[in-house]
Structures are given as structure tokens and as C-alpha cells.
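Reader: I have just opened this structure and would like to learn how to read it. Could you walk me through it, one feature at a time?

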Amino acid sequence: MLQMSLNRALIFLGPPGAGKGTQANRVARRYEVPHLSTGDMLRDAVTRGTELGRMAKPIMERGELVPDDIVLGMVEERLSRPDAKSGFIFDGFPRTIPQAEQLDEILKRRGFSKPVVVEFHVNADVLLHRVAGRWTCSVGGETYNVFERPPKVAGVCDNDGGKLVQRCDDRPEVVKERLAAYERQTKPLEDYYRRKGVLEVVDGTANVEEVSRALAEIIKRAEGRDGHL
Ligand SMILES: [Zn+2]
């Protein structure tokens, strides 16, 4: 198989439930690049007891938001590790314009080409339907969708017979609120990246294979696109 290289940051934007995580895992495997989330980075830094981790720990324990300086410090530390040198995927980061601006600086400093930013566009009604149908196994954590991928027996996990429950996060009113929060906070980021000419859009409600194909096309088009933001 042809050796494919990403050589840049791939940034996925989109509300929870838009399929970013699934696609990030697929692309990470395909291009052998790490799939990064700031949540994992924070937990890792705390576990390893790094300087930034020690600063973040009490803030996280109080349930407060870790300030951008600490988060961006961790991002830079993470991107300097060897496994990130041929590219990486960010899923759920940056969340704000100041974070995006600081990330641009880090990418420039570390010699990465222009990122590819992909908006997972979803129609609110479709997303609500998708998330509202999601039930999770209380034993093994498997997820089902009563509309699209129902278990063989209603309310029971196919694998281990566990009882299926609807997570609090998947209740319609919670989903609606999360979508509204996403719109308020992250929409401006799409405009930011669109102005920079690096925003691509995929249909987050298409099936997994279709979205994968669209992403492969986007990555292919980006190859050879050099320079910084
Ligand atoms: Zn199960």
C-alpha cells in the first residue's frame, strides 16, 4: 500500500454526536498519527505529574476550567513528541478564537504546514434524532441506536445481556442545550478558519463510510498545500 502522510494538523469541528470521534479514530489508524484531545492530555499530564499537570490538578479537582495558558502549554509539549511529527488530529480543540490563534503560533513554531479544518455539519433535527435514539449498555458500555442500529432484543445488550440505559447526556433537552452552547462558542471558529481559507465541510449525518471517503478526498487535496496561516 502507498505510504500516505498527513504532515499537518487535522482539526475536527462539530457538535457532540456529529461523528468526529469515530472519524478521528479511523484517520488516526490510516495515517498512523495520534488522535489528540485536550481532556486526555490533561489527564495524562496530571498522572505523569509534569509541571503543567501539577498546575492543572487543583483546578480540575475544583471542577473549574483549566486556563488556556496551561492547556496550550500541554498542547505544545504533546506536539513536540516524536509520534506527532508527521501530523495529528485534534478533536474538540480549539474551542475559542484565542485558543485557535495560539494554536496557529504553535504550529508555525513547530514547522507544521497549514492545518486542514473540517466542520462536521449537522442538521439539528437529525442530530437530536440520532442522539435521542442512543442507548448504552450498563455492563460493557456498547452503544446502540434504537432507530438505526437496534439491539436484537429491546433494552438488552447483544454481547453480554446487559441492561441498556439512556445516558443523562443523551436526553433531548440536554442535547438541545449542548447544541446551543456549541453554536455560541464554536461557530465563530468556523468563520475564523473560513477566512484563512482552510475550512472544509463534511455532512456529519451521512453514513460512516461516506464521511470517511469525503475526508480522504479532503486530505488528498491538502497534500502539497504549504505555508502557514
Ligand atoms: Zn454490553
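Author: Gladly! Keep in mind that this is a predicted model.

Reader: Is cysteine 157 buried or exposed?

Author: Cysteine 157 counts as buried because its relative accessibility is 3%, and buried means under 20%. Aspartate 160, with a relative accessible area of 36%, is partly exposed.

Reader: Now the strands, please. How do strands of a sheet pair?

Author: The general idea is that strands of a sheet pair through backbone hydrogen bonds, either parallel or antiparallel. Here, three strands make an open sheet in the order β6-β5-β7, with antiparallel pairing. At the edges are β6 (143-145) and β7 (164-165), each of which pairs on one side only. Strand β5 (residues 134-137) is joined to β7 by two bridges, and threonine 136 stands opposite valine 165 in β7.

Reader: What describes two packed helices?

Author: Two packed helices are described by the angle between their axes and the distance between the axes. Take helix α4 (residues 68-79) and helix α5 (residues 97-109): they pack at an angle of about 30 degrees, and their axes are 11 Å apart. That angle makes α4 roughly parallel to α5, because angles under 35 degrees count as such. The contact involves several residues, among them Leu72 and Val75 of α4 and Leu103 and Ile106 of α5. The crossing of α4 past α5 is right-handed.

Reader: Where is threonine 50 placed?

Author: Look in the loop between α2 (38-48) and α3 (51-61). Threonine 50 counts as buried, at 14% relative accessibility. Leaving aside neighbours within four places in sequence, threonine 50 is in contact with Ala45 and Glu77.

Reader: Which peptide bond is cis?

Author: The bond from phenylalanine 93 to proline 94 is cis, with omega near -5 degrees. Proline 94 sits in the loop between β3 (88-91) and α5.

Reader: And what is the phi of glutamate 32?

Author: Its phi is near 50 degrees, a positive value in a residue other than glycine. Glutamate 32 belongs to the loop between α1 (20-31) and β2 (35-36), and is exposed, with a relative accessible area of 64%. Asparagine 7, also not a glycine, has a positive phi of about 55 degrees; this residue lies in the segment before β1 (8-13).

Methods: Residues numbered from 1 in each chain as written. Predicted model: local features only at pLDDT ≥ 70, side-chain atom pairs only at ≥ 80, totals over all residues. Heavy atoms only, no water. Pairing = 2+ DSSP bridges. Helix = DSSP H or I, 4+ residues; strand = E, 2+ residues; numbered from the N terminus. Buried < 20%, exposed > 50% of the residue type's maximum accessible area, 1.4 Å probe, protein only. Axes fitted to C-alpha atoms, helices over the stretch in contact; angles between N-to-C directions. Parallel < 35°, antiparallel > 145°, perpendicular 65-115°, else oblique. Left-handed = near helix turned anticlockwise from the far one by under 90°. Contact = heavy atoms within 4.5 Å.
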